[in-house]
Amino acid sequence: MSVAEVEIHPTAIVGAGAKLGNGVKIGAYSVIEDDVEIGDGTEITHHVVIYSGARIGKHCRIFPNAVIAAIPQDLKFFGEKTTLIIGDHTTIRECVTLNRGTIALGKTVIGSNCLLMAYVHVAHDCTIGDHVIVANAVQFGGHVEIGDYAFIGGASVVHQFTRIGKHAMIGGAAKVVQDVPPFVTADRSPARYEGINLTGLKRRNFSSAQINIIRDCYRIIFQSGLLIKNAIEKVKAEVPDSPERREILAFFESHSKRKFIRSCFTPPHGESSASN
């Protein structure tokens, strides 16, 4: 088996301690610091800056003017050694900025098979799952968690410590200040529950039975007028067990620093829906 050679443009600056996999390409005027690891087949185009602490997977593509693994914009950061991890087959478009972690978590993580479009900012200690699409100009505060297959609409802002569940979709220009559970669509400012992410679920081949269970769970949680703790008990009593139901219950029963989004629907009898 032949080993593909590393291609480094003459104007690029690559630290002597950087570890480059087979077939890596470094474009013109890019800067790669010493403590950097780049996996096989990854292409760094021109004018990219990758700071120490970056760990980039295989077959990624990073576009011009991206800044990878810069120190956190956090006054509690005192120079501790931390990392920024990117999985395999992930694309980072123009002018994306990805900060490495702080002592709190020690790392910022971007999963595999993700697409981060132009001008996205991911702050320190964020964790983004696999197959996540983040549209242009989205801004993530620190410690944000994004589940697999989530879609984040353009120009959205996500408050620090907020969680967004698997297969969720966030509308464009949404202001996300509370946790968004899995399988739903959230929009508005602040973001509200708008229904399940039906289009996304169908595209990912969820069956009608799976979708109906998800819909039944959220009908109780967001449209019954019950407090969340009571709605969860009602879901357990009335909705058949399934992996989707377990995913939803686990999200609501785990610790939330930001509480949960509310519904845009008017509940019966004038009660507050999905109260925390």
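These exercises walk through a predicted model, each with a worked solution.

**Exercise 1. The sheet and its edges**

Task: Give the strand order of the open sheet of eleven strands, and find which strands stand at the edges.

Solution: 
- Start with the order. The open sheet runs 1-4-7-10-13-16-19-22-25-27-28. Its pairing is mixed.
- Recall what pairing involves. Strands of a sheet pair through backbone hydrogen bonds, either parallel or antiparallel.
- Now look at the ends. Strand 1 (7-8) and strand 28 each have a single partner strand, so one side of each has no neighbour in the sheet. These two strands are the edges.

**Exercise 2. One edge in detail**

Task: Describe how strand 27 and strand 28 pair, and say what packs on them.

Solution: 
- Strand 27 and strand 28 are antiparallel partners, joined over four bridges.
- Pick one pair of residues. Thr185 is opposite Gly195 of strand 28.
- Next, find the helix. Helix 2 packs on the sheet and touches both strand 27 and strand 28. Its direction makes about 150° with that of strand 28.
- Finish with the loop. Pro190 sits between strand 27 (184-187) and strand 28 (192-196). The peptide bond that joins Ser189 and Pro190 is cis, with omega about 0°. For comparison, most peptide bonds are trans.

**Exercise 3. Parallel pairs**

Task: In which sense does strand 15 pair with strand 12, and in which sense with strand 18?

Solution: 
- Take strand 12 (residues 83-86) and strand 15 (residues 107-110). They pair in the parallel sense over four bridges. Leu84 is opposite Thr108 in strand 15.
- Go on to strand 18. Strand 15 pairs with strand 18 in the parallel sense too, over two bridges. Here Ile110 is opposite Ile128 in strand 18.

**Exercise 4. Two helices in contact**

Task: Work out how helix 2 and helix 4 are oriented, and which residues meet.

Solution: 
- Packed helices are described by the angle between their axes and the distance between the axes.
- Read them off. Helix 2 (residues 208-223) and helix 4 (residues 243-253) pack at about 30°, and their axes are 9 Å apart.
- Classify the angle. Angles under 35 degrees count as roughly parallel. Therefore helix 2 is roughly parallel to helix 4.
- List the contact. From helix 2 come Gln210, Ile213, Ile214, Cys217, Tyr218, Ile221 and Phe222. From helix 4 come Glu244, Arg245, Ile248 and Phe252.
- Sort these residues. Eight are nonpolar, one is polar and two are charged.

**Exercise 5. The faces of helix 3**

Task: Which residues of helix 3 are buried, and which are exposed on the other side?

Solution: 
- Ile228, Ala231, Ile232 and Val235 are the buried residues of helix 3 (residues 228-238).
- Look down the axis. The buried residues fall within an arc of 105°, so they line one face of the helix.
- Turn to the other side. Lys229 and Ala237 are exposed there.
- Ask what covers the buried residues. The cover includes helix 2 and helix 4.

**Exercise 6. Positive phi**

Task: Locate His131 and Ala137, and decide how accessible each is.

Solution: 
- Most residues other than glycine have a negative phi.
- His131 has a positive phi, near 60°. It lies in the loop between strand 18 (127-128) and strand 19 (133-134).
- Ala137 has a positive phi near 65°. Its loop runs between strand 19 and strand 20 (139-140).
- Check accessibility. His131 has 32% relative accessibility, so it counts as partly exposed. Ala137 is at 32% and therefore counts as partly exposed.

Key
Residues are numbered from 1 along each chain as its sequence is written. This is a predicted model: local features need pLDDT of at least 70, side-chain atom pairs count only at pLDDT 80 or more; totals for chains, interfaces and linings use all residues. Side-chain values use heavy atoms; hydrogens and water are left out. Axes are lines fitted to C-alpha atoms, for helices over the stretch in contact, and angles run from 0 to 180 degrees between N-to-C directions. Angles under 35 degrees count as roughly parallel, over 145 as roughly antiparallel, 65 to 115 as roughly perpendicular and the rest as oblique. Contact means heavy atoms within 4.5 Å. Ala, Val, Leu, Ile, Met, Phe, Trp, Tyr, Cys and Pro count as nonpolar, Asp, Glu, Lys and Arg as charged, and the others, Gly among them, as polar. Buried means under 20% relative accessible area, exposed over 50%, partly exposed in between (1.4 Å probe, protein chains only). The arc is that of the directions from the helix axis to the C-beta atoms. Two strands pair if DSSP finds at least two bridges between them.
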